[in-house]
Amino acid sequence: MKKLATILCAVLVLTLLVGCAAKPAPETEPAETPDAADGLYLVYNGAKLALGMPFADVKDALGEETRPADEILPCDGGDSFKDTMHHYAGMDVTEDINGIVKEIDVPGVDESSEAAVLGKVKVGDKQSDAVAALGEPENYPLAEDDFALTYKTDNQYINLFLDPDNKETISGMMFMLMTP
């Protein structure tokens, strides 16, 4: 459990550091949002939640937030971006300044989370079941030092983290939208 907490903390710190070091993106129109059924999505509380979709389209279906949303602003105090992280039981959803879902985290601390990739793969499931349901990830078969199944699409990066003690059980999930 300590290893899992360490891995999740390292991912969070890395995400914050990358956000602080990133140059502001040029002003552009928000990217067209894909239909949740077109790619990998998460089912939570009966709702399909996908990267790139408007958060407002699914907000009410996700249910009550477990605590107030957090605003994530640039470290230099500028206004180059503003993300909002919403907290649900067993899942966090981050929307960008345009209201587009850009990150979904299922930390795995609470294995009772109902969040499931394609409605099939949850925290606590076996690696073999995830591969059977989702297909082989890019990094399959896994190298000895690899502790996540990694799926990539044109603009999505999805990790299904594996228990570092046995690499057999899904211990957390992270979905990230890649923007140019």
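**A chat about the fold**

Analyst: Happy to! Leaving aside neighbours within four places in sequence, D105 is in contact with G90, M91, D92, M173 and M174; contact means heavy atoms within 4.5 Å. This is a predicted model, where local features need pLDDT of at least 70, side-chain atom pairs count only at pLDDT 80 or more, and totals for chains, interfaces and linings use all residues. Residues are numbered from 1 along each chain as its sequence is written, and side-chain values use heavy atoms, with hydrogens and water left out.

User: Where is D105, and is it buried or exposed?

Analyst: D105 is in strand 6. Strands (E, at least two residues) and helices (H or I, at least four) are DSSP runs, numbered from the N terminus. D105 is buried yet has no salt bridge. Buried means under 20% relative accessible area, exposed over 50%, and partly exposed in between (1.4 Å probe, protein chains only). A salt bridge is a side-chain nitrogen of Lys or Arg within 4 Å of a carboxyl oxygen of Asp or Glu.

User: Which side chain of opposite charge is nearest to D105?

Analyst: That is R67, 10 Å away. Lys and Arg count as positive and Asp and Glu as negative, while His and the chain ends are not counted.

User: Switching topic, how many residues are in the largest nonpolar core?

Analyst: The largest nonpolar core has 36 residues, and L62, M91 and L160 have the most contacts inside it. Such a core is a set of buried Ala, Val, Leu, Ile, Met, Phe, Trp, Tyr and Cys residues joined through side-chain atoms within 4.5 Å. Strand 10 gives the largest share of this core, four residues.

User: What about helix 3, which residues are buried there?

Analyst: Q127, A130, V131 and L134 are the buried residues of helix 3. They lie on the same side of helix 3 because they cover an arc of only 95 degrees around the axis, taken from the directions from the helix axis to the C-beta atoms. These buried residues pack against strand 7 (116–117), strand 8, strand 9 and strand 10.

User: And A132, buried or exposed?

Analyst: A132, also found in helix 3, is exposed, with a relative accessible area of 69%.
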